[in-house]
Amino acid sequence: MDRRGPSIQHGVASVSGAVFARIAMGTACDLFGPRLASASLILLTAPAVYFTSIASSPISFLLVRFFTGFSLATFVSAQFWMSSMFSGPVVGTANGVAAGWGNLGGGATQLIMPLVFSLIRDIGAVKFTAWRIAFFIPALFQTLSAFAILIFGQDLPDGNYQRLQNSGNKQKDKFSRVFYHGITNYRGWILALTYGYCFGVELTVDNIIAEYFYDRFNLKLHTAGIIAASFGLANLVSRPAGGVLSDMMAKRFGMRGRLWALWAVQTLGGVFCIILGQVGSLTASIVVMIVFSVFVQAACGLTFGVVPFVSRRSLGVISGMTGGGGNVGAVLTQLIFFKGSKYSKETGITLMGIMIVCCTLPIFLIYFPQWGGMFCGPSLEKIATEEDYYLSEWSSKEQGKGLHQASLKFADNSRSERGRRVHSQTLSSNATPSANV
Amino acid sequence: MAARVLVLASILIFSCFAETCYGVISFSSLQRTLVVTASHRQGLLKAGEDKITVRWGLNQSFPAGTDSSYKTIKVQLCYAPISQVDRAWRKTEDHLNKDKTCQFKIVKKPYTNVNETLEWTIERDVPTATFFIRAYALDSDDHEVAYGQNTDAEKKTNLFEIQAITGRHVSLDIASVCFSAFSVVSLMGFFFMEKRKARKSQQ
């Protein structure tokens with residue numbers, strides 16, 4: 001196997017394609033709805049998976065791999081969809097479960113596909129044909145899941161975008177406005193950076209951990225592979241747990257709780273990463289790796305407890321930016337610490353841990369006027385409400401046309417992000433007038 | 001009493017060691033007493049199609065009786081050094097139990113004193129690589145006692161290249177194209193049906 005890792009050109013090419021695909025998907029969700037956007041992407045990339053069965057030259061393998069990679073942008077549509085269908089108090093859990101079990105699927109295929117391949121080979125095919133036949137399984141799953149989305153899915157609790165747009169309940173938005181409000185929101189950029197150092201780290205570790213155990217502890221490659229797979233399989237519970245934690249913190253402390261939890265869990269993940277690079281025994285390494293994986297994956301779940309609230313109009317673009325940040329973080333980390341033999345693997349892991357801790361600090365800077373940030377409470381200068389924040393994305397002309405109704409509704413629903421004490425105060429103050437009547 | 005127990009224990013332990021010593025055979029301890037040649041057509045050989053003619057026999061310059069312990073002969077297809085670079089699963093190790101150089105069996109048959117010839121069609125599961133041929137002589141316990149190969153000690157001469165089958169079949173090609181087209185066409189179909197439903201509900 002090529003131990004040298006990705007070259008710079010390879011890294012730049014793959015990450016630009018991935019970032020572009022995710023932002024494009026996010027924008028498509030904002031404009032056309034997640035149902036059509038994701039089903040289209042899945043069906044249009046299914047041919048790449050079918051053609052993997054008949055690839056037989058290095059160039060053809062590269063091409064099918066490149067085009068198959070675009071289908072991963074469905075992560076963005078999945079998070080957008082969860083953020084649209086589930087309300088504030090449970091959105092972290094919904095996002096965490098959807099994303100965690102999706103990542104789990106990647107780990108599961110690594111265990112299942114070799115079994116499928118062996119089964120087909122034992123039935124009678126030569127191994128060079130057996131793997132080709134085996135590729136039809138994921139390809140068929142891809143086609144069928146797209147059909148399931150189209151037949152059973154709907155964009156919003158009220159219905160699909162197209163029908164809502166035709167009946168006038170939802171207005172069709174403009175690409176330039178959606179894009180502009182997404183990329184000018186600084187919180188989206190901060191979350192993109194921090195997501196690069198939880199999900200990006202997860203991707204990096206997926207790539208290097210098997211080799212690390214194989215080289216450092218002289219395990220058989222097969223055993224090292226199983227240990228590496230267990231890192232990904234932790235996604236079954238750890239990412240959903242992050243989402244659940246985010247919602248629990250929000251119930252008590254509101255958005256400030258979500259931000260504190262995200263910072264704390266991701267920083268602890270960085271600390272355990274530093275420890276992982278330092279421990280020398282196999283048992284200790286496995287234990288630390290499992291703890292590290294739980295924290296890092298929970299941090300991913302916690303990130304998407306915050307993302308749904310950053311923007312309403314440009315939810316897709318923000319989700320896409322954050323997702324793209326994950327890929328940039330992965331490639332950057334691999335290029336800096338794991339390319340060539342400048343650092344030994346254990347030094348690379350320790351340095352990666354230090355970088356996680358540093359790149360998580362910008363969460364201190366995230367501030368919502370209506371809810372506060374990590375160190376500051378909500379703004380007292382002007383009357384800062386959820387409506388002010390979300391309607392700032394619509395110009396007065398657009399509001400005059402009534403385009404902002406969905407954001408208004410969301411602003412009302414998001415009041416739970418104030419936390420329990422403040423929320424119950426506002427509730428009781430709202431209730432008083434009617435009691436006096 | 002204690003001394004007798006000690007003696008008994010040490011005999012048991014030493015016999016165990018002797019057992020394990022006997023089980024581990026190293027390649028460097030084997031004598032090259034067999035002569036192996038392989039002939040094939042010129043150019044790149046194709047797995048599943050081309051044939052290699054293998055000849056093996058005892059090197060007559062060795063004294064008679066060298067092959068008294070040879071009971072079985074095992075002829076194998078082995079990776080040349082160039083095909084082992086960066087591939088740990090094909091690595092050459094001196095301990096024959098761990099050695100991964102020769103992974104394909106050509107033939108295994110009882111040893112006879114005369115020179116033998118075999119025309120072998122290259123199996124379909126042989127990968128694309130550079131190979132040579134080696135024959136091991138096994139004793140009655142199935143342990144290697146001698147060997148011969150058609151190349152020199154550095155494994156640089158008389159190597160030949162084999163091209164693997166692609167594994168592709170026309171049926172697979174057709175299925176791929178059909179399913180791909182079906183995916184794209186069905187997407188168009190869904191869009192068309194959505195537009196029709198939207199128009200109907202507006203009317």
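Please keep in mind that the model is predicted.

I start with chain B. Two helices and 10 strands make up its secondary structure. Reading from the N terminus, the order is α-β-β-β-β-β-β-β-β-β-β-α. The chain has 203 residues, and 38% of them are buried. Its accessible surface is about 12,300 Å², with 59% of that belonging to carbon and sulfur atoms. If we take contacts between residues at least 6 apart in sequence, 74% of them join residues at least 24 apart.

Now one of the sheets. Three strands of chain B form an open sheet, ordered E2-E4-E7, with antiparallel pairing. Strand E2, residues 34-39, and strand E7, residues 116-121, are at the edges; each has a single partner strand, so one side of each has no neighbour in the sheet. From one strand to the next, the twist averages 20 degrees. Strand E4 of chain B covers residues 51-58 and is joined to E7(B) by six bridges, the two running antiparallel. To pick out one pairing, Trp56(B) has Glu116(B) in E7(B) as its bridge partner.

Next, the cysteines. How many disulfides does the structure hold over all chains? There is one. It is formed by Cys78(B) and Cys102(B), whose sulfur atoms are 2.1 Å apart. Cys78(B) sits in strand E5, residues 72-79, and Cys102(B) in strand E6, residues 102-110, so the bond ties together parts of chain B that are 24 residues apart in sequence. The torsion about the S-S bond is about 100 degrees, so this disulfide is right-handed. Cys78(B) and Cys102(B) are both buried.

Cys29(A), by contrast, takes part in no disulfide, and the nearest cysteine sulfur, in Cys300(A), is 19 Å away. With a relative accessibility of 0%, Cys29(A) counts as buried.

Ser71(A) is in the loop between helix H3, residues 58-70, and helix H4, residues 74-85. Its relative accessibility is 11%, so Ser71(A) counts as buried. The Ser71(A) side chain reaches the backbone oxygen of Thr68(A) at 2.6 Å. Apart from neighbours within four places in sequence, Ser71(A) contacts Leu41(A), Thr45(A) and Gln142(A).

Lys170(A) is in the loop that lies between helix H8, residues 161-167, and helix H9, residues 175-183. Is this lysine, Lys170(A), buried or exposed? At 18% relative accessibility, Lys170(A) counts as buried, because the cut-off is under 20%. Beyond four places in sequence, Lys170(A) touches Leu156(A), Tyr161(A), Leu164(A) and Gln165(A). From Lys170(A) to Asn160(A), 10 residues apart in sequence, the C-alpha to C-alpha distance is 9.7 Å.

Phe338(A) belongs to the loop between helix H15, residues 315-337, and helix H16, residues 345-360. At 8% relative accessibility, Phe338(A) counts as buried too. Setting aside neighbours within four places in sequence, its contacts include Thr204(A), Ile208(A), Ile349(A) and Met352(A). Phe338(A) and Ile349(A) are 11 residues apart in sequence, with their C-alpha atoms 8.6 Å apart.

Technical notes. Residues numbered from 1 in each chain as written. Chains lettered and ligands numbered in written order. Predicted model: local features only at pLDDT ≥ 70, side-chain atom pairs only at ≥ 80, totals over all residues. Heavy atoms only, no water. Helix = DSSP H or I, 4+ residues; strand = E, 2+ residues; numbered from the N terminus. Buried < 20%, exposed > 50% of the residue type's maximum accessible area, 1.4 Å probe, protein only. Contact = heavy atoms within 4.5 Å. Areas by Shrake-Rupley, 256 points an atom, 1.4 Å probe, with all protein chains shown as cover. Pairing = 2+ DSSP bridges. Axes fitted to C-alpha atoms, helices over the stretch in contact; angles between N-to-C directions. Polar contact = N/O pair within 3.5 Å; in protein donor to acceptor, adjacent residues only side chain to side chain. Disulfide = S-S within 2.5 Å.
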